[in-house]
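Please consider the structure shown below together with its sequence. The paragraphs that follow lead through it step by step.

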Amino acid sequence: MLERLRRWRAARFEARHPFPEAEWQEARARLPLLAALPDAAAERLGHRAWRFAHAKRLSRHPELDPVIDFDVPARLAIAAQGCLLTLGWDDATHREAFAGLHEILIVPDAFHRRVEEMDEFGVMHEYDDERAGETSHQGPVVVAYPDLMESGRLDGFNVVIHELAHKLDMANSLDADGFPPLPADMAAQDWHRVFTTVWDDLQAHLARGEATPIDDYAASHPGECFAVSCETFFAAPAALDAAYPELYGLLGRYFRLDPLSWHSPSSD
């Protein structure tokens, strides 16, 4: 009965909101990340993004009204970048994963937050943290407009993927701790072992004054390690696989996807 109801609702949505094929192709043309998708994956993502854009509020700060042309391709592009995270999951799991996400708010610029952190010696440190985005357990996902404009390429940076990865992370806790709910066929011990190995390697690079294999923001907190790894997995999969092949494989099992295959000559 529940499945019949879902099919009826899906059919009703399609009747009321026909999929805008031309606008979806325009969204793909604007972002190399979306253009790289094989056709079958792109079709699935486009329809999911279309439903996502109707189910969630995609809004902008009033100062951005004269700056952003919030047309259908733009809204689809934002939704699709977020929905990449759940592209390999079935519809029910996708809906559940983003049940706590109600709004994506675009603000004019990076913003500052006063942060308090205790170090390993028990000393509390306070500092101003400049952020390109922010995610809370119940509040909106906030992304800075300049960083949104830098997202969608194949360089490993994507603020939408980063912040929505935090949402996935928070599904079993109030804060992003780098340990999201895992599917039944994945062991928590494997997750912890692989991410601990990556974390330790990042810290070792920094201690030696060396550049880290992925964005060094991943070394700032376990939750950021997960979010940065997700960005790199989707937007620079070859780089992640080269640096941390076991992590790439772990995320491949978690997301049920293999972004490396999207960039191979036979991906279409």
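**A guided reading of the model**

Gly 88 counts as partly exposed because its relative accessibility is 27%; here buried means under 20% relative accessible area, exposed means over 50%, and partly exposed lies in between, with a 1.4 Å probe and protein chains only. This is a predicted model, in which local features need pLDDT of at least 70 and side-chain atom pairs count only at pLDDT 80 or more, while totals for chains, interfaces and linings use all residues. Residues are numbered from 1 along each chain as its sequence is written, and side-chain values use heavy atoms, with hydrogens and water left out.

Gly 88 belongs to the loop between α5 (72–83) and α6 (91–97). Helices (H or I, at least four residues) and strands (E, at least two) are DSSP runs, numbered from the N terminus. Leaving aside residues up to four places away in sequence, Gly 88 touches Phe 255, Arg 256 and Leu 257, where contact means heavy atoms within 4.5 Å. The C-alpha atom of Gly 88 is also separated by 9.7 Å from that of Arg 44, a residue 44 places away along the chain.

Arg 256 is partly exposed, because its relative accessibility is 40%. Its phi is positive, about 60°, although Arg 256 is not a glycine. Most residues other than glycine have a negative phi.

Arg 48 is placed in helix α4. Is Arg 48 buried or exposed? With a relative accessible area of 1%, Arg 48 is buried. The side chain of Arg 48 reaches the backbone oxygen of Thr 86 at 2.5 Å. That is a polar contact, meaning a pair of N or O atoms within 3.5 Å; within protein, one must be able to donate a hydrogen and the other to accept it, and residues adjacent in sequence count only if both atoms are side-chain atoms. Beyond residues up to four places away in sequence, Arg 48 touches Cys 83, Thr 86, Leu 87, Trp 89, Asp 90, Asp 91 and His 94.

The next element is helix α8 (residues 159–169), which is largely enclosed by the rest of the structure because 11 of its 11 residues are buried. Among them are His 162, Glu 163, His 166, Lys 167 and Asp 169. The N-terminal end of α8 is capped by Asn 158, which has a side-chain oxygen 3.1 Å from the backbone nitrogen of Val 160. Leu 168 also lies in helix α8 and counts as buried at 3% relative accessibility. The residues that Leu 168 touches, not counting those up to four places away in sequence, include Trp 89, Phe 98, Tyr 254 and Phe 255. From Leu 168 to Glu 96 the distance is 9.8 Å, C-alpha to C-alpha, although the two are 72 residues apart in sequence.

How many aromatic pairs does the structure hold? The structure holds 13 aromatic pairs; rings of Phe, Tyr and Trp (its six-membered ring) pair if their centres lie within 6.5 Å, and planes under 30 degrees apart count as stacked, over 60 as edge-to-face and the rest as tilted. Phe 52 and Phe 98 form an edge-to-face pair, at 5.8 Å centre to centre and 80° between the planes. This pair links distant parts of the chain, for Phe 52 is in helix α4 (residues 39–55) and Phe 98 is in the loop between α6 and β2 (103–107), 46 residues apart. Phe 52 is buried, with a relative accessible area of 3%, and Phe 98 is buried at 1%. Tyr 254 and Phe 255 also pair edge-to-face, at 4.7 Å centre to centre with 70° between the planes. Both Tyr 254 and Phe 255 are buried, and they belong to one aromatic cluster that includes Trp 89, Trp 191 and Tyr 248.

Strand β2 is largely enclosed by the rest of the structure, because four of its five residues are buried. Four bridges join β2 to strand β1 (residues 57–60), and the two run parallel; strands pair if DSSP finds at least two bridges between them. Four bridges also join β2 to strand β6 (residues 141–144), again running parallel. Arg 60 has Ile 106 in β2 as its bridge partner, while Ile 104 has Val 141 in β6.
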